[in-house]
Amino acid sequence: MRNNLYYGSKNAIATLNSLDSFILVTQNPPFDNIFQKKLTQHPIQIIYPTNVDIHYLKEMSQKVSRNKDVDYVVGFGGGVAIDTAKFFSWKWKKPLIQIPSIISTDAFLTHEIGIRVDNKVQYIGKAVPEQIIIDFDVIKSAPKVLNYAGTCDVLSICTALGDWKIAYEEFGDKIDKKIYSKARNCAQNLLNDAPVIREMQEEGIRKLVGYLQEEMQICTEWGNARPEEGGEHHLAYCIEELSPKRYLHGALVALNILTVLRLQGDYAEFSYTELKDFFDFIGHSYKFEQIGITEELYRRALHEIHFYVQKETLEKGIWFKKDLFSNISISDVINWILGF
Ligand SMILES: [Zn+2]
């Protein structure tokens, strides 16, 4: 899995200039005039997608399909470019090269194509990248807070594990202690690397990408996202359904990690103060106004979540508990968050 990942400096440009014919799926930034001037090999077509709604993707695919006879589809940018490139690569059966410009989620590493149908994330197929290019210069030039968001697709392990324990002890789900402790170590190691993550220079970027890879391998070994995805992601999906909008995923998940750890009580595998200290130390966003959500919306989501997880038949965990808010009420949670 590691061998299709290439680290370097200025290797985004070098890769594009090494291709004969390709379609570039990108965003501005990172693809601006300065970047374009460095290209010696010009793309057959440049696509600037704005979202990953299924109707929009199909419409776009019809418009550009006259140019689909290319050697490669290249994704160069954040989540929208990366997922759209996966979509075209899958639809046209063309090899894929991914060049993330930010490390804000694990989407550039995963093969599943995440699109939206009626504002809900759905996975419609798989696209395996032939190469993943990590260009330190490109990633370092992005706002650090976007890269910090990437930590939350690893740190969601912190809450997912407590949820796994709840599922095992209260709902009779299976558990694998070896995978459980591997996931625990992965999250703990990332927390211990706070100083290099905060710097977000070469070492920090390598570490973060490495932890995201490790998290994915652990999930593959287990067979689904259970070790990495729990109540923190489920609450994010519920919020997205209640108020459809593109939130900075890693910021919303960060807040939800704190909330879920607090509610997990004795089941919590990590303390919320340790996670909050980590976010504060690196400078990652997790407050309502930073995420762009209101106190009202969060309150509504906490009221809905018990029903939402059942309706969506998500993995068992904290939100399935009947006595969910018996010790700490929803208002207590909200007031606690407002005090951050
Ligand atoms: Zn995520």
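Which way does α12 pass α13, in a left-handed or a right-handed crossing? Keep that in mind as we click around this predicted model.

**Stop 1: the two domains.** Colour residues 2-140 as domain 1 and residues 144-338 as domain 2. Their C-alpha centres sit 27 Å apart. Now look at where they meet: 15 residues of domain 1 are in contact with 21 residues of domain 2. On the domain 1 side, select helix α5, residues 136-140; with three residues, α5 gives the largest share of the side touching domain 2. Sorted by class, that side of domain 1 has seven nonpolar, four polar and four charged residues.

**Stop 2: a hairpin.** Next, select strand β6 (residues 112-117) and strand β7 (residues 120-126), which run antiparallel and are joined by five bridges. Pick Ile115 and you'll find its bridge partner, Gln122, in β7. The two strands make a hairpin with two residues between them. Click on Asp118 in the turn: its phi is positive, about 50°.

**Stop 3: a helix pair.** Now for the opening question. Show helix α12 (residues 249-264) and helix α13 (residues 272-282), whose axes come within 9 Å and cross at roughly 160°. An angle over 145 degrees counts as roughly antiparallel, so that is how α12 runs relative to α13. And the answer: α12 passes α13 in a left-handed crossing.

From α12, pick Ala254, Ile257, Leu258, Leu261 and Arg262; they meet Tyr272, Leu275, Lys276 and Phe279 of α13. This contact has seven nonpolar, no polar and two charged residues.

Technical notes. Residues numbered from 1 in each chain as written. Predicted model: local features only at pLDDT ≥ 70, side-chain atom pairs only at ≥ 80, totals over all residues. Pairing = 2+ DSSP bridges. Helix = DSSP H or I, 4+ residues; strand = E, 2+ residues; numbered from the N terminus. Domains from an automatic or database assignment. Contact = placed C-beta atoms within 7 Å. Nonpolar A, V, L, I, M, F, W, Y, C, P; charged D, E, K, R; others polar. Axes fitted to C-alpha atoms, helices over the stretch in contact; angles between N-to-C directions. Parallel < 35°, antiparallel > 145°, perpendicular 65-115°, else oblique. Left-handed = near helix turned anticlockwise from the far one by under 90°.
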